[in-house]
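Dear colleague,

I would be glad if you read the notes with the model open beside you.

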Amino acid sequence: MFEPNEMQRDLIDAVSVFVKDLIGPTAEHDDAEERFRKEYIHQMGEQGLCGIATPEEYGGLGLGYLDYAMVLEEIAKVSASYAVSVAVTGLPQVILNQWGNEDQKQQWLPALAAGEHLGAFCLSEAGSGSDAASLKATAVREGDEYVLNGSKYWVTHGGYADVYMIMARTGGPGPRGISCFLVPGDAEGLSTGRKEQKMGMRASPTTEIVLDNVRIPAANLVGNEGDGFKVAMTALDSGRITIASIAVGTAQAALDVSGGYACERKQFGKPIIDFQGVGFMLADMATAIETSRMLVHKAAWLKDNGRDFSGTAAMAKVVATDAAMKVTTDAVQVMGGYGYCKDHPVERFMRDAKIMQIFEGTNQVQRIVISRHLKKAYTAPQG
Ligand code: CAA
C-alpha cells in the first residue's frame, strides 16, 4: 500500500507522459478561456483511463481504487479540471456497478468506460446542497415511463454529458422518498441552464440542468424506488476517495514547482530554500502531502478489500483537500510575485484547490460523516 507495485509504477509513468502531452500544452489557455475539450475524455478513454475500476466484462480495466487513486493523482498534477472529469464520469459507473441491473450495466457501462460517453451526477439543487435529502426535483411514474421535473445545480459536464445520473423525488419528504434515474443527455425537455463563472476548475464545465417534463423509460430507474439517497451516498463515499486523490496530485504539483523554484532562486547570495523560513515551509508542505497520500491510499485499500471505508474516505477527503489548499497557498508564497502571476501554474493550483474543500460534500459534511461513524462505534454493544 505504501509504495506502488511494478504494475502501478508502469501505469503511473504511462499516464504521466500521456497526460502531459495531451493536456499540458492547453492547460493554462483553457483555464483562462474556460474551455472544456470533450475530445480529451475520448482520448483518455482510449487509454482505459475513464473506466479504471469498472470490471473488464463491461469494458473497464477491472483495476481497484488504489490504482484509480494513483492515476487521478497523475492527471491532477497536470490539470485538476480533467482529473475531476474522469472522476465525475466515473460516478455513474460506480453507481451502475453497485446498484444497476444486468441490462443497465450492459447498456450504459461500456461507452462510459471507453470515454465515448461522458457521464454526470445530479444531486444538488439551488436550495439543497449539504442537506441533500431535501431535494425537490420530482419523478412521477406514468405507465412505462417516468416524467422528471425540476432543476439541478453545479452539474459537472452540464451540457456535455451523454448520460446524467439524476436523483429525484418519487415519494414523500426526506431521504426515503428519493430515487435514482439514468437520463440520456439528448432527452427531450432536458436543457442547460446557467453556466457558472468559477474561481477555479475553469476548464471543467459546471451548469444548472433544467428538467421540463423529461420522459424516460421506467427501465432507467436504478435500484428500487426510494433507494436514491443511499445510491447517492454510496457513490459519494467512493467519490470522496477520487477527490482526495486529485487534491494530492494538485498539492504535489504545487510543491514540485515551488520546490524547484526555491532551489534556483537566489536572494542574499544563496538559494531561498536555504533560508529556514522557506525550507521549513517546503518541509511542512511535503509532510502534509505524504500524510494525505497515505490516508487516501488506506481508504482506497479498504474499499478494494471489501471493508467499510466510508469514514476513512471522509477523513481522507478532509485531510487531503485542506492540505491541498494550504500547500498551494504556500507554494504561491514561496514564489512571491512570480507565484501570484500567471507565468507559473501555482496560482491556478491554488484557485483549483478551493473547490476541493467544498464539492463532493463540504469538509464540514465530512466531519458529520466521521462523527456519526464514531457514535456508531462507541455506542455499539461491546464484546
Ligand atoms: N451509505 C449507505 N447509506 C447511507 C450512507 C452511506 N454512506 N449515508 C447515509 N445512508 C443512509 C442512512 O443509513 C439512512 O438510512 P435509513 O433511512 O435506512 O436509516 C439514510 O441514508 C439517511 O441518512 P442520514 O439520516 O444520515 O441522512 P442526512 O439527511 O442526515 O444526511 C449527510 C447525511 C451526510 C449530511 C448527507 O446529506 C450528505 O452527505 N450531504 C452532502 C451531500 C454531498 O456530498 N453533495 C455533493 C454533491 S456532488 C458534487 O459535488 C458534484 C460534482 O460535480 C463533483
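A salt bridge here is a side-chain nitrogen of Lys or Arg within 4 Å of a carboxyl oxygen of Asp or Glu. This is a predicted model, in which local features need pLDDT of at least 70 and side-chain atom pairs count only at pLDDT 80 or more, while totals for chains, interfaces and linings use all residues. Residues are numbered from 1 along each chain as its sequence is written, and side-chain values use heavy atoms, with hydrogens and water left out.

Across the whole structure, the search finds 18 salt bridges. One of them joins K326 to D330 at 2.8 Å, N to O; these two residues stand four apart in helix α9 (residues 310-340), which means about one helical turn between them (helices being DSSP runs of H or I, at least four residues, numbered from the N terminus). K326 is exposed at 54% relative accessibility, whereas D330 is buried at 13% (buried means under 20% relative accessible area, exposed over 50%, and partly exposed in between, with a 1.4 Å probe and protein chains only).

A network of salt bridges links E73, E74, K77, E290 and R293. Within helix α4 (residues 65-78), K77 and E73 are four residues apart, and their side chains meet at 4.0 Å, N to O; K77 is partly exposed at 25%, while E73 is buried at 7%. In helix α8, R293 and E290 are three residues apart and pair at 2.9 Å, N to O, with R293 buried at 16% and E290 partly exposed at 41%.
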